[in-house]
Amino acid sequence: MQISEEQLIQEALKAKERAYCPYSNFRVGCSLLTKTNKIYTGCNVENASYGLCVCAERVAICKAVSEGDRQISTIVVSCDTDEPTFPCGMCRQTIIEFCYAGNDIKIIAIGKDQTKPKYSKGSEVIPFAFVPKDLNVDPQLENK
């Protein structure tokens, strides 16, 4: 059964409710869909040592990769902002790592008003990205 965009949005909203953000109060939830039709979710997890904070997008990607699922097709990011907010630079670079061999990840950003999502692609959110081929590496992104 095909996963709908609306299902992914709902999963990102649920993940946002689990955010641990006592310092910024900036809740973020993420859901991603893989080519195997599985959904992985993540929320931001803050820490008193700010450098240890982890973004929702990277949590979801790490969960997928740790389960052997590396072929990401869509990512939804949910924030409590008036306008949809796209991933930060570190998350964009992480997303780019999984845009390979013609696979371009669809990115959907939603704010408080979930009826006005904004769309982009991994290849658009960080032009001139540093990617595995710059290191002469074949990242072996097929599922393990």
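Helices (H or I, at least four residues) and strands (E, at least two) are DSSP runs, numbered from the N terminus. The views below show a predicted model, in which local features need pLDDT of at least 70 and side-chain atom pairs count only at pLDDT 80 or more, while totals for chains, interfaces and linings use all residues. Residues are numbered from 1 along each chain as its sequence is written, and side-chain values use heavy atoms, with hydrogens and water left out.

**View 1. Thr74 in strand β3.**
Strand β3 holds Thr74. Thr74 counts as buried, at 11% relative accessibility; buried means under 20% relative accessible area, exposed over 50%, and partly exposed in between (1.4 Å probe, protein chains only). Contact means heavy atoms within 4.5 Å. With neighbours within four places in sequence left aside, Thr74 is in contact with Leu8, Ser31, Leu32, Leu33, Ile105, Lys106 and Ile108.

**View 2. Val77 in strand β3.**
Val77 also belongs to strand β3. The relative accessible area of Val77 is 1%, so the residue is buried. Not counting residues up to four places away in sequence, Val77 touches Val28, Gly29, Glu57, Thr85, Pro87, Ile108, Ala109 and Ile110. Val77 and Cys99 are 22 residues apart along the chain, and 17 Å separates their C-alpha atoms.

**View 3. Helices α2 and α3.**
Two packed helices are described by the angle between their axes and the distance between the axes. Here the axes of α2 (residues 56-66) and α3 (residues 89-97) come within 9 Å and cross at roughly 25°. That makes α2 roughly parallel to α3. Axes are lines fitted to C-alpha atoms, for helices over the stretch in contact, and angles run from 0 to 180 degrees between N-to-C directions. Angles under 35 degrees count as roughly parallel, over 145 as roughly antiparallel, 65 to 115 as roughly perpendicular and the rest as oblique.
The crossing of α2 and α3 is left-handed, a term used if the near helix is turned anticlockwise from the far one by less than a right angle, with right-handed used if clockwise. On the α2 side the contact is made by Glu57, Arg58 and Ile61, and on the α3 side by Met90, Cys91, Thr94 and Ile95. Of the residues in this contact, 4 are nonpolar, 1 is polar and 2 are charged. In this count Ala, Val, Leu, Ile, Met, Phe, Trp, Tyr, Cys and Pro are nonpolar, Asp, Glu, Lys and Arg are charged, and the others, Gly among them, are polar.

**View 4. Buried residues of α2 and the residue after the helix.**
The buried residues in α2 are Ala56, Glu57, Arg58, Ala60, Ile61 and Ala64. Their cover includes β1 (28-34), β2 (39-43), β3 (72-79) and α3. Gly68 follows α2, and its phi is positive, near 85°.

**View 5. Thr41 in strand β2.**
Thr41 sits in strand β2 and is buried, with a relative accessible area of 11%. The side chains of Thr41 and Arg18 are joined by a polar contact of 3.5 Å. A polar contact is a pair of N or O atoms within 3.5 Å; within protein, one must be able to donate a hydrogen and the other to accept it, and residues adjacent in sequence count only if both atoms are side-chain atoms. Not counting residues up to four places away in sequence, Thr41 touches Glu11, Ala15, Arg18, Cys30, Ser31, Val59, Ala60 and Lys63.

The loop between α1 and β1 contains Tyr23. Tyr23 counts as partly exposed, at 40% relative accessibility. Leaving aside neighbours within four places in sequence, Tyr23 is in contact with Glu46, Asn47, Ala48 and Tyr50. From C-alpha to C-alpha, Tyr23 and Asp104 are 34 Å apart in space, and they are 81 residues apart in sequence.
Asn25 is placed in the loop between α1 (5-17) and β1. Asn25 is exposed, with a relative accessible area of 61%. Its phi is near 55°, a positive value in a residue other than glycine.

Pro127 lies in the segment after α4 and counts as exposed, at 53% relative accessibility. Pro127 and Ile96 are 31 residues apart in sequence and, C-alpha to C-alpha, 9.9 Å apart in space. Asn136 is found in the segment after α4 (122-125). Asn136 is exposed, with a relative accessible area of 74%, and its phi is near 55°, a positive value in a residue other than glycine.
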